[in-house]
Amino acid sequence: MKKAICFLSILGFLQATAQDTPPEQKRQPGHYDTNKFSQMYDLMATPNMFRTASGAPGPAYYQQQADYKMNIELDDKNTKLYGTETITYHNNAPEGLEYLWLQLDQNQKDRASKSPLVDSQKMDPAYTPDNFSRRFMEEGFDGGFKIEYVRDAAGKPMKYTINQTMMRIDLPKPLKSGEKISFSIKWWYNINNYRVIGGRSGYEHFDKDNNNLYVIAQFYPRMAVYNDVEGWQNMQFWGAGEFALPFGNFEVNITVPADHIMEGTGDLTNRAEVLTKEQLKRYDLATKTFDKPVVIVTQEEAERAEKGFSDKKKTWKFNAKNVRDFGFSTSRKFIYDAMAVKLTDKSVMAISLYPKESNPLWGDVSTKVVAHTLKTYSKYTFDYPYPKAISISAEDQGMEYPMICWNYGRPDEKGFVSDRIKYGMMSVIIHEVGHNFFPMIVNSDERQWSWMDEGLNTFLQYLTEQ
Ligand SMILES: [Zn+2]
């Protein structure tokens, strides 16, 4: 009896659900694959000499190479950045190139930039007078590259066209397969206050002591990717997508006020010229200390420096091998600590730079989290190939470049740190340091396919957080 009732009620339920099922959907235009069980072969790229069916590079696989020599100068008083760069571009593709494409990401902040049009048009319920006038009444920030020249190796002007955030340089004769070309670009731009007008880099201003903390990236004309799949990858930068770049070697000299402390991508080759004798000794100790960070520039020294406003200048020299980009951070507010991290057959440095406003949180936590991230990611993927990983304290930020990243999270005005801030800060440091593996080393195209590096990185971030 019970069974029968049960059976009937199931029958009734099935009938009810059958009636609720919508009629079979019509095929949508443009969608041809209606078989849930079909194989994916026709969605996969056809294997060829460049890319095999296994996913490994084929016998004719190549990558282009772009080497940079740059002289950069920061005008701290007027928040401007000046640069000259010589790019040597190696054409390893089997075909010749008639022109070159470069990324001008700073032009996303140009007055004529089209990127505000990609923002949805909405009126916030309330604006401060400052925000209202900035958004609707002022002329807007005068950002973007001011290109002074593009010259060939002989110093002759080259023909170029700028289209928004991309620049095409036309070559007088095609660059043949296996050949290289050197050319120079001189530029400057107004640095954006990223806390006021946004951006993945820029500066933060501290009203109390009138100092700036700079996180500088996407700051020089950079070679676009050329490959066998897309040819030139010349998608515009709208501010949200990130980037892909060819690998190369960087020699970068950066001139800043003498009382600034800096870190950047690559080996610092003139440490003895920019740190004091005492700081050098502390750095040396840090390279041999594996259990906790050693403070190299103390809070006391940083607080003294932030009152100085030196008129003198200092040049910091960096050398990076086989990286796809370069970033740096500089301020006279920086406290600097570091420790060594043991990997399989070498040790690398975990480093943090932060202003006094970030303490005691950053001094206690940041470098240890960097070290833990390098160990865990190296264990699950491959040993970290770079000499160092740097975490910079930059409020409202979470952004990565090779060897260096900017991370948010500071105590409030009264020095209180909520769990939300503390664990949020630790997560963002793991995440951004982790991006060194994907996509800085495994160079997927994050301008088009950001789910690739974000997906792999978020999975490893989770393992690291455990
Ligand atoms: Zn990410």
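**Figure 1. Ring pairs join ten aromatic side chains, Y68, F145, W187, Y189, F219, Y220, F250, F318, F326 and F328, into a cluster.** This is a predicted model, in which local features need pLDDT of at least 70 and side-chain atom pairs count only at pLDDT 80 or more, while totals for chains, interfaces and linings use all residues. Residues are numbered from 1 along each chain as its sequence is written, and side-chain values use heavy atoms, with hydrogens and water left out. Rings of Phe, Tyr and Trp (its six-membered ring) pair if their centres lie within 6.5 Å; planes under 30 degrees apart are called stacked, over 60 edge-to-face, and the rest tilted. The structure holds 24 aromatic pairs.

Figure 2. Distant parts of the chain come together here: Y68 belongs to strand β1 (residues 65-75), whereas Y220 lies in the loop between β9 (211-216) and β10 (222-223), 152 residues apart. Helices (H or I, at least four residues) and strands (E, at least two) are DSSP runs, numbered from the N terminus. Y68 and Y220 are both buried, a word used for under 20% relative accessible area, with exposed meaning over 50% and partly exposed in between (1.4 Å probe, protein chains only).

**Figure 3. F219 and F326 form an edge-to-face pair.** Their centres are 6.3 Å apart, with 65° between the planes. F219 sits in the loop between β9 and β10, and F326 in the loop between β17 (313-323) and β18 (328-331), 107 residues apart. Both F219 and F326 are buried.

**Figure 4. Two arginines lie over tyrosine rings, R151 over Y149 and R168 over Y99.** A charge sits over a ring if NZ of Lys or CZ of Arg is within 6 Å of the ring centre and within 35 degrees of the ring normal. For R151, the charged end is 3.7 Å from the centre of the Y149 ring. For R168, the distance to the ring centre of Y99 is 5.3 Å.

**Figure 5. H431, H435 and E454 coordinate the zinc ion.** The donor atoms are NE2 of H431, NE2 of H435 and two OE entries of E454, at 2.0 to 2.5 Å. Donors are N, O and S atoms within 2.8 Å of the metal (3.2 Å for Na, K and Ca); water is not among the atoms, so sites may look incomplete. Along the chain, the donors follow the spacing H-x3-H-x18-E. The 4 donor atoms subtend angles of 56 to 155°, which makes the arrangement irregular. Four donors count as tetrahedral if all angles lie between 85 and 135 degrees; four count as square planar and six as octahedral if opposite donors are over 155 degrees apart and all others between 65 and 115; anything else is irregular. H431 counts as buried because its relative accessibility is 13%, and H435 is buried at a relative accessible area of 0%.

**Figure 6. Four strands make an open sheet in the order β8-β9-β18-β14, with antiparallel pairing.** Two strands pair if DSSP finds at least two bridges between them. β8 (202-206) and β14 (261-264) stand at the edges with a single partner strand each, so one side of each has no neighbour in the sheet. β8 and β9 share 5 antiparallel bridges, and E204 stands opposite L213 in β9. The hairpin of β8 and β9 has 4 residues between the strands, and N210 takes a positive phi near 60°. On to the next pairing: 3 bridges join β9 to β18, with Y214 opposite T330 in β18. Both faces of β9 are covered, with N211, L213 and V215 buried on one side and N212, Y214 and I216 buried on the other.

**Figure 7. A mixed open sheet of 6 strands runs in the order β16-β19-β20-β21-β23-β22.** The edges are β16 (294-297) and β22 (398-401), each with a single partner strand, so one side of each is left without a neighbour in the sheet. β16 runs antiparallel to β19 (residues 335-342), joined by 3 bridges, and V294 has A338 as its bridge partner in β19. β22 and β23 (residues 404-407) pair antiparallel over 4 bridges, with C405 in β23 as the bridge partner of E400. These two strands, β22 and β23, form a hairpin with 2 residues between them, and M403 in the turn has a positive phi of about 70°.
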